[in-house]
Amino acid sequence: MSLSPPVADLVAAVQRADSALGLLQATQALAASAHPDGAACLVEVLGFNNPGAAVAAVDGLVAIGEPAVATILANIDGNNYGARAWAVRALAGIGDVRGLAVLEDALGQDIGPSVRRAAARGLGQLRLAGLPADERGPIAARCLAALLAGCGDGEWVVRYAVVVGLEALAPELRGDPDGTGAILSALERLSRDDPDGASVVCLRAALALSRLDPGAALEATDG
Amino acid sequence: MAGDPITEPEALRRLRLTDDPSAQYYAAWWLGRNRSTHPDTVPLLQQALRQRRPRDPGAGVEENAVARNAARALGKLGASATAAIPDLLATLDDADPGLREAAARALGDLRAEAAVAPLMARLASGPAVAGAQEPGTPRLQEPCDALLEALGQIGVADAVVLAVIRPFVGHERPLIRSAACRALLQLTGEAHWGEQLVALLQHQQLQVRRAALMDLGAAGWRPALEPIAATLAENSLKLIALRGLAEQPGASARDAGTVAVLDAMDALL
């Protein structure tokens, strides 16, 4: 078994990198460590306008997970669009509820379809299991409201991601007949017809409906 | 991208402003993007197409830019734009190669069988003439990729059509090879054309990998599913390509092949 170099050395290598390739490789090495002490440096890389390194940094932040969230949120840069987009992806991948407001804003307002797409996916997979019961309901309701609004997005790929988000959110709302009903009727509508002729969105919505077992879910709304 | 939000009547009003090409340019784009079905839309776009004139590269948003957007918009309007096919066919002979390209793509989008013979005529001289570089520019003599793609999209698989396309599979530019393989795959369904496109997904230039992704998506060739998912390119483009694989005639959320495509798309979001 080989020992990985201390995180401080990996961070120093990122800071020393003087070429795009060097930055990519140093970032990959730091990301692979998945060490919380590397989070601040990885967040910094998101703002370097180097897409390859940014992808690696997002992977690293997702691998670090929850301990990286505070650092990401504290460094969201309203003026650097690219960095903000990568931060949204990292938050979506980690699934920590502290990212909720950023994901809501991103799905509702971001100009980049790839950012809205990542936010929609993220809103369906926030990790709510560890929270007190009285907090889970309101958070799931906010995710649902944001995703339902996203059904009308102008880009097919965002509507597709919204469908995926709704399917992933559904188990969280199992005890909530209104919420479950809202998910099923939105999926039902999208499965029939896509406003922009993207039949892939209809296919995905039909798949989501078949997986959610609409028969059983309808009983819940009837009760 | 979206520009300022305007209404359909406003777009139609702007398209009538023949002394304001930049207003017309946006209006033509808007009407196509929003799939306008207003009875004035197609006639006005036909007029905008006829407004073209010899190129004047110094003139900013010039009339030919309006004509290009009008051609693209007509291509997006589907059956309601069939009345404009003769205008688009005439535009295929324009001296402006950008306009020929836009007309070819629109005729492909409209599945205009009347365009097959003129498209073939533009390509008939083969890679050595139609596909030769125009001196002093990076362009080819003809917009070969657009002409090839239109033939594939229109879908007339006669032996004479295939014979015109086939030589371009050996073109020196990988983007032209990709367009030729795409058309042949669409017309014949033969796997070896798809395999050549899959090989281009490994090309060292990102631009070529992107084109091969789009071409496999346009052909909807499902054996390319895994190679597409593994290509070194943006997820946004892979998602567009996979959408093409998913949206096949008869596709259903109940068949395993379609579900496999959707699962791969989910993983790229």
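The buried residues of helix α8 of chain B are B:Cys144, B:Ala146, B:Leu147, B:Leu148, B:Glu149, B:Ala150, B:Leu151, B:Gly152 and B:Ile154. Buried here denotes under 20% relative accessible area, exposed over 50%, and partly exposed in between, with a 1.4 Å probe and protein chains only. Helices are DSSP runs of H or I of at least four residues, strands are runs of E of at least two, and both are numbered from the N terminus. The structure is a predicted model, in which local features need pLDDT of at least 70, side-chain atom pairs count only at pLDDT 80 or more, and totals for chains, interfaces and linings use all residues. Residues are numbered from 1 along each chain as its sequence is written, chains are lettered from A and ligands numbered from 1 in the order in which they are written, and side-chain values use heavy atoms, with hydrogens and water left out.

Contact is defined as heavy atoms within 4.5 Å. B:Gly155 follows α8 of chain B and has a positive phi, near 90°.

Chain B as a whole contains 15 helices and 0 strands. Its radius of gyration is 19 Å, close to the 18 Å that the globule rule gives for 269 residues, so chain B is as compact as a globular protein of that length. The radius is taken over C-alpha atoms, and the rule is 2.2 Å times the number of residues to the power 0.38. Along the principal axes, the C-alpha atoms of chain B fill a box of roughly 50 × 45 × 35 Å. Of the 269 residues, 52% count as buried. Among contacts between residues of chain B at least 6 apart in sequence, 60% join residues at least 24 apart.

Chain B carries 27 positive and 31 negative side chains, and the centres of the two sets lie 1 Å apart. Lys and Arg count as positive and Asp and Glu as negative, while His and the chain ends are not counted. Each charge is placed at NZ of Lys, CZ of Arg, CG of Asp or CD of Glu.

Individual positions in chain B were also examined. B:Asp87 lies in helix α5 (residues 85-91) of chain B and is buried, at 13% relative accessibility. Apart from neighbours within four places in sequence, B:Asp87 is in contact with B:Gln46, B:Leu49 and B:Arg50. B:Ala159, in helix α9 of chain B, is exposed at 61% relative accessibility. The C-alpha atoms of B:Ala159 and B:Leu185 are separated by 14 Å, with the two residues 26 apart along the chain. B:Arg111 is in the loop between α6 (97-109) and α7 (116-123) of chain B. Its phi is near 50°, a positive value in a residue other than glycine, and B:Arg111 is partly exposed at 47% relative accessibility.

In chain A, the mean pLDDT is 91, and 94% of residues reach 70 or more. The pLDDT is the predictor's confidence in each residue, from 0 to 100. Confidence in chain A is lowest in helix α13 (residues 214-222), at a mean of 45, and highest in helix α10 (residues 156-169), at 98. Over residues 216-223 of chain A the pLDDT is below 50, and this stretch has 6 contacts in the model beyond near neighbours in sequence. Where pLDDT is low, the predicted coordinates should not be read in detail.

A:Glu167 belongs to helix α10 of chain A and is buried at 15% relative accessibility. Leaving aside neighbours within four places in sequence, A:Glu167 is in contact with A:Arg204, A:Ala208, A:Arg211 and A:Leu212. A:Ala146 lies in helix α9 (residues 133-150) of chain A and is buried, with a relative accessible area of 15%. Not counting residues up to four places away in sequence, A:Ala146 touches A:Glu104, A:Leu107 and A:Leu123. The C-alpha atoms of A:Ala146 and A:Glu104 are separated by 6.1 Å, although the residues are 42 apart along the chain. A:Asn49 is in the loop between α3 (39-45) and α4 (51-64) of chain A, and is exposed at 74% relative accessibility. The phi of A:Asn49 is near 55°, a positive value in a residue other than glycine.
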